[in-house]
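Please read the points alongside the coordinates.

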Amino acid sequence: ISNINLLPDENEETFNILYDDFQYLQTDRIVPQISYNLSNEMVDKNLIGFKGEYTAHYLAKNRHKEVISVLKHPKSQTTQLLENISFWLSDISENIEVKAKIFDELQQVDLKYSYVYGDKTTQDYTPLNVGFGITYSLPIIVSILKAKIGDLVIIENPESHLHPRAQSRLATLFALASSIGIQLIIETHSDHILNGIRVAIKKQIINPDKTKIYYFRKEKDKLETIIDTIELNEYGSINSYPKYFFDQFDNDLDELLGL
């Protein structure tokens with residue numbers, strides 16, 4: 001959503017101070033499996049790993065942790081972490097509930113999902129028995145809800161394995177977090193993420209001057225990368241579209257209409 005240049009020097013102590021307030025999630029995140037590893041060192045630092053590999057451990061250990069009130073899901077009755085994780089994840093897979101349990105003797109964490117319909121709850125399902133995008137996006141939601149004001153969160157390709165509505169809802173969460181001073185850098189190829197941010201601006205969830213969008217492109221037969229800054233107004237409108245910037249839908253529509 002917004003941009004920052006993180007340039008730690010060679011002093012390891014300085015880097016570690018930054019690292020404690022810094023969560024990076026790479027594109028290659030955890031995939032569905034039966035159980036996940038523990039790391040008290042990472043979890044105690046409020047971190048879940050670059051792949052989100054300690055997400056289940058973090059949830060099991062911090063399930064009652066309070067999230068910042070602004071990040072509380074509209075349907076949640078409390079500000080407890082696990083409850084709000086389940087509600088935000090329900091925007092991806094409706095009525096889902098997340099469970100995480102530590103097995104010390106195995107040094108593993110069990111991650112399970114169930115679905116709640118009124119007063120009825122389904123059996124528990126392993127991550128292998130629900131949609132791939134649920135587990136793949138879980139570290140993203142955890143990274144935002146565990147963040148403190150002033151933290152830096154970098155997320156690559158949050159749209160992976162998610163349907164358009166889920167992508168748009170994630171963008172709403174990003175805007176909420178950024179509006180209270182959590183610094184986010186989102187790398188995306190999704191027009192649904194972009195449009196979700198634009199809608200958040202129009203709804204006054206976040207101010208346009210708190211949002212920076214950069215488009216990286218190369219011209220034909222040119223070696224250097226060109227960086228375009230995309231300006232948004234208070235209605236979420238884009239004043240000028242660089243060539244190839246999320247224009248394929250319109251181009252294909254023109255082809256279909258014979259324009």
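Is Tyr136 buried or exposed? Tyr136 is buried, with a relative accessible area of 7%; buried means under 20% relative accessible area, exposed over 50% and partly exposed in between, with a 1.4 Å probe and protein chains only.

1. Basis. This is a predicted model, in which local features need pLDDT of at least 70, side-chain atom pairs count only at pLDDT 80 or more, and totals for chains, interfaces and linings use all residues. Residues are numbered from 1 along each chain as its sequence is written, and side-chain values use heavy atoms, with hydrogens and water left out.

2. Overall content. The protein has eight helices and nine strands (DSSP runs numbered from the N terminus: helices H or I of at least four residues, strands E of at least two). Of its 259 residues, 46% count as buried. Among the contacts with a separation of 6 or more, 58% come from residues 24 or more positions apart; contact means heavy atoms within 4.5 Å.

3. Aromatic pairs. The whole structure holds three aromatic pairs (ring centres of Phe, Tyr or Trp, the last by its six-membered ring, within 6.5 Å; planes under 30 degrees apart are stacked, over 60 edge-to-face and the rest tilted). One of them joins Tyr24 and Phe50: the ring centres are 5.4 Å apart and the planes stand at 65 degrees, so the pair is edge-to-face. Tyr24 belongs to strand S1 (residues 22-25) and Phe50 to the loop between helix H2 (40-44) and helix H3 (55-62), so this pair ties together parts 26 residues apart in sequence. Phe50 is partly exposed, with a relative accessible area of 36%.

4. The pair in H5. Phe132 and Tyr136 form a tilted pair, 5.5 Å centre to centre with 45 degrees between the planes. These two residues are four apart in helix H5 (residues 132-145) and are thus separated by about one helical turn. Phe132 is partly exposed at 36% relative accessible area, whereas Tyr136 is buried at 7%.

5. H5 against H6. H5 and helix H6 (residues 164-179) pack at about 20 degrees with axes 10 Å apart; axes are lines fitted to C-alpha atoms, for helices over the stretch in contact, and angles run from 0 to 180 degrees between N-to-C directions. That makes H5 roughly parallel to H6 (under 35 degrees; over 145 is roughly antiparallel, 65 to 115 roughly perpendicular and the rest oblique). The contact is made by Ile140, Ile141, Ile144 and Leu145 of H5 with Leu170, Leu173, Phe174 and Ala177 of H6. These residues divide into eight nonpolar, no polar and no charged (nonpolar: Ala, Val, Leu, Ile, Met, Phe, Trp, Tyr, Cys and Pro; charged: Asp, Glu, Lys and Arg; polar: the others, Gly among them).

6. H3 against H4. The axes of H3 and H4 come within 9 Å and cross at roughly 130 degrees, which makes H3 oblique to H4. Tyr58, Leu59 and Asn62 of H3 meet Leu81, Leu82 and Ile85 of H4, a set of five nonpolar, one polar and no charged residues.

7. Burial of H4. Eight of the ten residues of H4 are buried, including Trp88 and Leu89. Their cover includes H3, strand S3 (96-103), strand S4 (108-117), H5 and H6.

8. Thr79 lies in the loop between H3 and helix H4 (81-90). Its C-alpha atom is separated by 7.3 Å from that of Ile68, eleven residues away along the chain. Leaving aside neighbours within four places in sequence, Thr79 contacts Lys65, Glu66, Val67, Ser69, Lys72 and Asn84.
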